[in-house]
Amino acid sequence: MSDFFPRSSTLHESEEPATNAVAERPARAPLAARASRRDPSRPEPILGARRLAKTYRKNKHVVPVLRGVDFEVATGQFAAIVGQSGSGKSTLLHLLATLDAPDEGRVEFDGRRIDNLPAAERDWIRNQQFGMIFQFYHLLPELTAIENVLAPLMISEGVFRYWRNRRQHTARAAELMDQVGLSHRLRHKPREMSGGEMQRAAIARALITQPRVLLADEPTGNLDSQTGEEIMSILRDLNKSQELTIVMVTHDNAIAQQADVIVRLKEGRVERCDAEDLRTSSTHVA
Ligand code: ADP
Ligand code: MG
């Protein structure tokens, strides 16, 4: 890991909270000075964004979506990003995952800037270090549940290595599916599964490469509230028992309240809020 990704960036040494005070931000202290002032009791940031800006342009329409977003999640934290529909939650998550590039600013992972890496390195990080789940699951319809879970390994290892390791891989996929309560659906195709079951399969797929961060875009958005709670219970358990870092986007306050850290996207910037703010929030988040 360290050979592949030399630790050269600033995120680990940061002692600044995620704020919007971009304009007022003082010049950053040199790396060594900041490292010596680091509070050892504070968890290390693992993934973050600095002053991210993103504008979409379509024909004559210019849509500024992010206008200087600062965000970070520490190792083992469960972070929720809330905001109204169209506020840029998915855009931010896609930028964090390097699925899209910012116009300005930077994304840092494990102490290194990643948004400007060559495509092959970004692909490697996404495949090995990030797990992703989506509102509509994005399972491959022709594959069974367990084949979907195995797909990231087939992609990363290639045919020959995958074939050599297939027994261990299959055992691990089955174990993960058991962990998410899906051991009775190993050979089912997505069309034979319920929404909750498809999301469980998507979680197992996201975990097969033992990622360091799980990025979730409205993971309960297509589920009834009880099934959504079951998915949240799996995510909370992964976060607590395996210290999996999670960044979850949701428009649902009740879901977001279960995270350790909550930020709200509004007018292209983020503000910190807590569970109490969400409970008493007069603005309906939809
Ligand atoms: P959210 O996830 O909070 O609902 P999104 O990040 O999906 O919001 O979108 C934010 C805004 O950016 C919306 O107004 C949306 O229409 C616009 N947008 C998102 N993706 C694109 C795109 N690829 N091209 C043009 N506009 C886009
Ligand atoms: Mg969205």
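Let's start with Ser233: it has 12 C-beta neighbours inside 10 Å, so it counts as exposed. Keep in mind that this is a predicted model. The chain runs to 286 residues, and 39% of them count as buried. Its secondary structure comes to nine helices and 10 strands.

- Ser233 sits in helix α7, which covers residues 225–242.
- Val180 lies 53 residues away from Ser233 in sequence, yet the C-alpha to C-alpha distance between the two is 9.9 Å.

**The shell around ligand 1**

- If you're setting up a selection around ligand 1, here's the list: Tyr56, Lys58, Val63, Val65, Gly83, Ser85, Gly86, Ser87, Gly88, Lys89, Ser90 and Thr91.
- By residue class, the shell splits into three nonpolar, seven polar and two charged residues.
- Three elements supply at least two shell residues each: β1 (45–58), β2 (61–74) and α2 (89–96).
- Helix α2 is the top contributor to the shell, with three residues.

**The six-stranded sheet**

- Six strands form an open sheet with mixed pairing, and the order reads β6-β7-β8-β3-β9-β10.
- The edge positions go to β6 (130–134) and β10 (269–273); each has a single partner strand, so one side of each has no neighbour in the sheet.
- From one strand to the next, the twist averages 20°.
- At the β10 end, the pairing of β10 with β9 (residues 261–266) is antiparallel and runs over five bridges.
- For a specific pair to look at there, take Ile262, whose bridge partner in β10 is Cys273.
- Helix α6 (residues 195–207) packs on this sheet, where it touches β6 and β7 (213–217).
- The direction of α6 makes about 165° with that of β6.

**Contacts along the chain**

- How much of the chain's contact set joins residues at least 24 apart, counting contacts between residues at least 6 apart in sequence? The share is 72%.

Conventions: Residues are numbered from 1 along each chain as its sequence is written. Chains are lettered from A and ligands numbered from 1 in the order in which they are written. This is a predicted model: local features need pLDDT of at least 70, side-chain atom pairs count only at pLDDT 80 or more; totals for chains, interfaces and linings use all residues. A residue is near a molecule or strand if its C-beta atom, placed from the backbone, lies within 6 Å of it. Helices (H or I, at least four residues) and strands (E, at least two) are DSSP runs, numbered from the N terminus. Ala, Val, Leu, Ile, Met, Phe, Trp, Tyr, Cys and Pro count as nonpolar, Asp, Glu, Lys and Arg as charged, and the others, Gly among them, as polar. A residue is buried if 20 or more other C-beta atoms lie within 10 Å of its own, exposed if 12 or fewer, and partly exposed in between; C-beta atoms are placed from the backbone. Two strands pair if DSSP finds at least two bridges between them. Axes are lines fitted to C-alpha atoms, for helices over the stretch in contact, and angles run from 0 to 180 degrees between N-to-C directions. Two residues are in contact if their C-beta atoms, placed from the backbone, lie within 7 Å.
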